[in-house]
Amino acid sequence: MSNDPLLNVKNLKVTFNTPKGEVNAVRGVSFSLGRERLGIVGESGSGKSQTGRAILGLTAANGRITADELKFHDVDLANLTPKQWRKVRGARISMIMQDPKYSLNPVMTIGDQIIEAYREHHKVNAREARHRAIDMLEAVKIRDPERVFNSYPHEVSGGMGQRVMIAMMLIPEPELIIADEPTSALDVTVQLQVMAILDDLVRDRGMALIFISHDLHLVSSFCDRVLVMYQGHVVEELAASALHEAKHPYTKGLLNCLPKMDGDQSDLPILEREASWAEG
Amino acid sequence: MRKLIAGLVMGTALATMPLAAQAETPKNALVMAFAIDDIITLDPAQIFEFSGAEYAGNTYDRLIGFDNDDVSKIHGVIAESWDVSEDGKTFTFKIRDGIKFASGNDLTAEDAAFSLQRVILLDQSPAFILGQFGFTPENVKDKIRAVDDSTLVMEVDKPYAPSFVLYCLTAGVGAVVDKEEVLAHEVDGDLGHEWLKTNYAGSGPFKLNKWTAGESLSLTANDDYWDGAPEMKRVIIRNVKEAAAQQLLLQKGDIDIARNLEADQLAAVKDDTNIKLLSKGKGALWYLGLSQKNEYLSNPKVREALKYLVDYKGISETILAGRSQIHQGFLPEGFLGAYNENPYSLDIEKAKSLLAEAGLADGFSITMDTRNTTSIMAMAQSIQATWAQAGINLEIIPGDGKQTLTKYRARQHDIYIGRWGPDYQDPHTNASTFAWNPDNSDDATAKPLAWRNAWDAGDLTAQTDAATLERDDAKRAAMYVDLQKKVLADGPFVIMFQETEIASMRGNVNNFVLGPSFDNNYYRFVTKD
Amino acid sequence: MNTQTTISKPGLKQWLTSDTPRSRLQAKCGRAWLGWIKFTENKLAMIGLSIVIGLILVTIFAPLLAPYDPLAADLANRIQPPGADHWFGTDQLGRDILSRLIYGAQYTLLIVGLVAITAAPLGLLVGTAAGFFGGWVDATLMRITDIFLAFPKLILALAFVSALGPGLENAILAIAITAWPPYARIARAETITVRKSDFIEAARLQGTSNMGLIIGHIMPMCMSSLVVRVTLDMAGMILIAAGLGFLGLGAQPPMPEWGAMVSDGRQFLLEQWWVATVPGIAIFVVSLGFNLLGDGLRDVLDPRGGD
Amino acid sequence: MSAVTRKNRDGRKRARLISGKAGSLLRIVFSLAITFFGLLLVTFLIGRVLPIDPVLAAVGDRAPQDVYDRVREEMGLNLPLWQQFFIYISNVVQGDFGQSVLTANPVIEDIKRVFPATLELATLATFIGVVLGIPAGVFAAINKGKWPDHVVRVIGLAGYSMPIFWLGLMGLLVFYMKLDWVAGPGRLDAFYIDFIEPTTGLMLIDTLIEGDMDLFWNAVSHIILPASILAYFSLAYIARMTRSFMLEQLSQEYILTARVKGISEHRIIWRHALGNVMVPLVTVIALSYANLLEGSVLTEIIFAWPGLGLYITNSLLNADMNAVLGGTVVVGAVFIGVNMLSDVLYRLLDPRARR
């Protein structure tokens with residue numbers, strides 16, 4: 001675990017204006033990230049995805065981000081112009097989205113979309129870009145990269161689509177990858193393959209990773225460190241290797257949610273909730 | 001983005017700007033806006049519409065014609081002179097020498113005979129104008145014939161008033177067509193009818209250049225016209241239905257003459273110094289037809305009351321402003337025997353007392369089928385308002401022309417507000433429809449206006465027939481005056497106005513001629529400053 | 001809103017905005033409330049609503065508002081310019097244009113109202129039946145719909161008006177005949193998306209008849225997009241009615257129908273512009289009102305947008 | 001199902017309804033035949049229930065009864081309805097649409113003349129509508145809720161709400177009468193009417209073929225106002241639809257993906273979002289084009305534009321049923337043709353619809 005801080009987040013808050021009034025999606029999250037793999041775990045609505053998006057400045061228009069500190073290296077992410085953002089996004093921080101069915105542009109070929117990501121940040125000619133893109137498709141273990149390159153997103157399977165997504169997001173070689181539920185839309189059988197590919201690439205290229213998921217076990221097996229979020233707060237932070245040491249009842253609850261094959265529990269436990277956890 | 005839109009808007013604007021430069025119409029061409037979509041044929045043996053008649057009047061010559069300002073003066077055109085036999089049954093015409101058709105063929109008595117025979121043989125709508133003199137497809141070749149190249153003989157079946165026969169020959173069916181040319185295009189013995197519907201074979205001052213139905217009609221001058229070539233080398237008539245659009249075109253100078261301006265456009269162009277108006281009393285009459293099948297309308301008191309319930313003056317001065325004069329006899333002013341007294345005027349009290357006498361003091365409800373054009377609708381609404389004052393609830397049923405007409409012809413109306421134009425210049429044309437009804441049953445074979453309104457004209461039918469045989473013009477006129485008085489007193493018609501045609505033209509247009517009927521609107525004398 | 005505060009001071013808003021409604025009614029009211037809030041935020045939609053409400057009020061209070069008898073002709077005072085006596089001038093028969101405008105409101109309302117309640121249910125019935133039964137029923141009904149759709153609207157309306165005879169009722173019927181096919185399309189599309197749903201299956205298992213399914217379960221699902229579409233179409237209906245009036249085949253005179261008024265006035269548009277312009281603007285404002293309202297409703301009821 | 005796929009499916013379904021299920025050619029032909037047959041049958045029946053006497057158009061009001069009766073028989077109106085229809089259909093199958101009473105021409109000839117007038121006007125109007133409408137809609141969408149959005153929205157809704165006959169007259173009054181920017185009613189100045197022999201029937205092209213630039217500019221100055229007025233309506237429709245499709249696309253995940261990639265907003269909107277917007281938009285444009293091609297009766301009346309709408313209306317009001325039936329076939333064919341075209345474009349634009 002490297003110690004030079006890549007990303008510093010202090011007291012990050014994301015608030016949305018809705019017809020029902022203000023909704024606080026993230027209510028003061030703080031953490032710092034080195035060249036490591038950090039997991040953020042929580043149920044839907046816990047604010048984990050909004051945390052990821054806030055880092056990329058992609059909060060929806062009716063949302064507001066405030067933070068005491070939101071720094072990537074020495075770049076103050078809280079005060080960037082659109083132009084400055086474009087130098088950060090893709091090139092330095094990237095994000096892998098949940099479902100390739102929706103997150104790939106349906107009317108552009110896969111190749112075009114990958115090349116676009118690359119050429120936005122690297123001044124190369126079309127042939128070179130194509131070459132790189134095909135290499136990248138190979139790197140995500142796509143067997144017939146030429147064909148996939150010329151395909152449209154709907155012509156490939158979900159697992160393949162997500163590999164394309166990974167290729168597209170990794171090709172400009174960002175320093176930090178945020179993976180927001182990258183496998184939850186996939187069949188269980190391909191989930192692990194895709195995760196393994198992502199894990200390998202991140203490791204090989206020395207990238208940092210924020211892995212956002214609802215699946216505590218999955219997160220713990222790919223990450224160094226885990227943040228557990230509940231209703232916009234970080235309720236517990238622990239090393240992935242020390243999950244069993246979890247103290248917070250919510251974390252424990254999440255852990256117990258998964259049925260153990262060898263367990264002797266006859267009933268599935270119900271996740272407990274207490275209002276006080278949300279006070280942070 | 002904003003730049004792009006602004007650029008496009010500017011571009012569009014700029015692109016159109018230079019187009020504005022507007023030339024006047026050329027000096028030797030006459031450009032006219034006119035609702036000519038009633039033209040359905042160009043064959044003179046079939047033409048029976050206003051604009052069609054005007055076309056034929058300018059492109060074909062007839063045997064004889066009359067003076068536009070005094071229709072009692074009949075003069076020769078193609079016929080140099082004519083004789084009527086003692087017994088009044090044989091008419092002999094001497095054909096003028098040296099007239100050529102547009103095709104180059106010489107015009108002879110044979111052409112004239114053929115043209116008249118053709119009318120009877122084709123038996124199209126206007127054929128009865130000649131047919132009423134006893135011509136049938138079987139006998140016409142004997143009764144109308146060319147004795148030699150310059151003599152045409154016509155034998156009628158009864159000793160009709162000569163004026164009656166001659167006036168009928170001044171109508172469109174009297175146009176002389178080029179026999180050789182027409183027969184060259186004959187298909188299946190149709191005497192060239194299909195071809196002539198859209199083509200031309202005449203000797204008139206103008207020739208057809210091109211007719212595009214519903215769009216335009218263009219004519220070119222016949223430079224060899226025997227009575228002097230027209231100064232306008234081209235006449236272009238554009239079909240424009242909207243009166244407001246005609247006004248625009250005229251005021252902008254895009255056209256020389258607008259033919260269908262209505263009261264309000266006329267009021268507007270009156271103040272335009274570039275524009276002058278030419279008006280001429282036409283033969284058409286505005287009237288209400290009161291169906292005698294209706295229980296209220298069959299009451300003579302009610303009919304009389306209704307004649308007191310039209311604001312003749314108000315409508316004439318405002319709605320029809322300038323385009324009509326009050327006229328209540330069935331013969332238009334200018335016709336032989338026209339009765340020009342107008343005994344009725346708006347008198348609500350009188351009408352109320354008449355209604356009370358009829359036992360309808362509380363009024364009644366009735367419908368009126370009304371063409372949905374601006375002036376007719378406005379007239380109908382004015383009538384509706386005055387009738388309401390006498391307690392009569394008039395429901396206006398608007399419809400397109402053909403629609404209201406279909407209902408009227410089927411005798412399904414209560415009241416029909418209509419316009420009737422004479423078919424030819426003789427008084428019999430109107431007498432035979434307003435005062436003549438030989439058979440009032442639903443399946444009658446003759447269906448004059450009296451029949452449409454289910455009015456049994458009684459003795460008037462016989463009197464009308466008698467008038468056609470009276471060879472003394474003065475006596476004949478007196479008979480028509482008598483007929484008109486009787487129809488006026490008792491008939492199922494509230495005759496209100498006689499139409500005045502107004503042509504609005506640019507100040508530099510001279511000598512455009514409007515006649516009493518559309519056959520006699522002439523372009524050939526037009527000059528431009 | 002004061003009624004609401006008097007009903008229950010502390011809790012109505014909470015009750016409405018509760019995340020955990022206790023009854024169907026509460027859930028429904030809650031959704032309606034949220035919709036209303038969203039709707040009121042849309043200023044343009046509120047303008048539209050005010051215009052439509054204004055139209056209704058004018059219709060109701062016409063006899064009180066109109067300064068003159070809308071039918072009283074006075075040929076001596078025809079086409080007077082706007083002035084103190086006649087705010088919007090007089091028409092070609094000397095009738096007060098303002099009064100005719102005010103009385104004319106009811107015809108406009110009648111047209112859109114009657115077309116909506118004839119065309120929408122017809123379209124709904126055809127569309128749901130086609131979508132629900134599928135197969136040859138669908139093929140037949142949709143073919144008929146296509147045939148009607150392939151006709152030019154105004155011409156079809158014209159033909160029907162000619163065939164039925166002129167008059168406001170027939171104009172309304174004719175417009176309804178031309179208006180239903182798109183509704184059938186919409187209803188069919190909606191029906192197809194829901195007919196295989198679990199809740200329909202569940203209802204079917206409970207023994208609900210086909211008719212019951214269509215009326216009780218499928219039709220309600222189509223309602224919101226249909227309501228939006230109908231509202232948006234109302235402007236078009238007003239314009240078609242005006243077009244028929246312009247061609248002289250709409251309302252019967254002396255009915256002060258706005259389209260007919262424009263048509264009357266078009267003969268003197270160039271000089272006496274107000275005669276045609278005033279009712280023209282009235283048509284414009286009211287159809288704009290319906291459009292704004294429909295637009296706002298769509299944002300609330302049918303966030304997917306589309307046509 | 002997500003909104004986007006659902007919409008696309010609906011759109012495709014719509015296209016398919018016309019062209020028949022992607023299946024055998026036979027089936028398509030059959031369903032087309034049924035549609036045309038239905039169109040003709042309905043039109044024919046309308047014609048026969050019209051309370052307008054078709055004979056009147058042929059002989060006029062004052063023809064004697066015997067002429068009337070003879071013409072009625074010649075027109076075949078004394079036969080039973082089914083027989084009349086059968087005769088008509090069998091003639092149509094042989095390509096004979098009969099003769100128009102009003103114009104004394106074969107209906108086919110008339111349509112060859114009037115349809116290009118409408119085609120020219122509709123095409124130019126749609127072109128203007130697309131060129132201005134799409135950017136306006138995009139512009140509104142990316143400024144959602146701000147004043148540019150409101151402006152575009154109000155302008156668009158105003159287009160929906162304007163009585164076209166009134167707008168046309170006002171347009172003439174202002175741009176022709178007062179400002180002198182454009183020419184008046186008609187396709188050419190009246191004087192030029194017979195200077196041009198129709199080759200394509202499209203005045204703008206015919207004048208260019210003749211090589212007479214004066215005539216060309218004259219034609220342009222005549223078409224620009226009616227085309228702009230019609231364009232306003234299609235612009236309103238296209239802008240409005242573009243806006244709502246755009247808003248929908250901008251909320252899609254792939255837009256977020258593009259943002260994550262650091263792509264410029266410009267490219268996101270014009271390449272990514274618009275690329276997807278074009279898919280449903282094609283149907284919208286086609287629909288609006290088809291509507292214009294059916295002939296805008298009111299515009300054609302006001303601008304004395306001898307187009308299809310005017311032709312059908314006029315024929316209808318005179319019960320000239322051969323002309324009405326012929327016109328209806330054209331309208332139906334146009335409707336189906338444009339829908340097929342939009343189906344083809346749809347397949348070109350949306351790879352998911354390709355096979």
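Chain A contains ten helices and eleven strands, where helices (H or I, at least four residues) and strands (E, at least two) are DSSP runs numbered from the N terminus. What percentage of the 280 residues of chain A count as buried? The figure is 42%; a residue is called buried if 20 or more other C-beta atoms, placed from the backbone, lie within 10 Å of its own, exposed if 12 or fewer do, and partly exposed in between.

A word on the basis of these values. This is a predicted model, in which local features need pLDDT of at least 70 and side-chain atom pairs count only at pLDDT 80 or more, while totals for chains, interfaces and linings use all residues. Residues are numbered from 1 along each chain as its sequence is written, and chains are lettered from A and ligands numbered from 1 in the order in which they are written.

I turn to chain B. Its assignment, automatic or from a database, gives domain 1 (1-60 + 204-274 + 507-529), domain 2 (62-179) and domain 3 (281-501). Taken over C-alpha atoms, the centres of domain 1 and domain 2 of chain B are 32 Å apart. Their contact draws 17 residues from domain 1 of chain B and 19 residues from domain 2 of chain B, two residues being in contact if their C-beta atoms, placed from the backbone, lie within 7 Å.

Chain B also has an open sheet of four strands, in the order 4-5-7-6 with antiparallel pairing; strands pair if DSSP finds at least two bridges between them. Which strands stand at the edges? They are strand 4 (79-84) and strand 6 (144-148) of chain B, each with a single partner strand, so one side of each lacks a neighbour in the sheet. Strand 6 of chain B is joined to the antiparallel strand 7 (residues 151-155) of chain B by four bridges, and Asp148(B) has Thr151(B) as its bridge partner. Helix 3 (residues 109-122) of chain B packs on this sheet and touches strand 5 (90-95), strand 6 and strand 7 of chain B. The direction of helix 3 makes about 175° with that of strand 6 of chain B; axes are lines fitted to C-alpha atoms, for helices over the stretch in contact, and angles run from 0 to 180 degrees between N-to-C directions.

Finally, the contact between chains D and B takes 51 residues from chain D and 55 residues from chain B. Helix 6 of chain D supplies the largest share of chain D's side, five residues.
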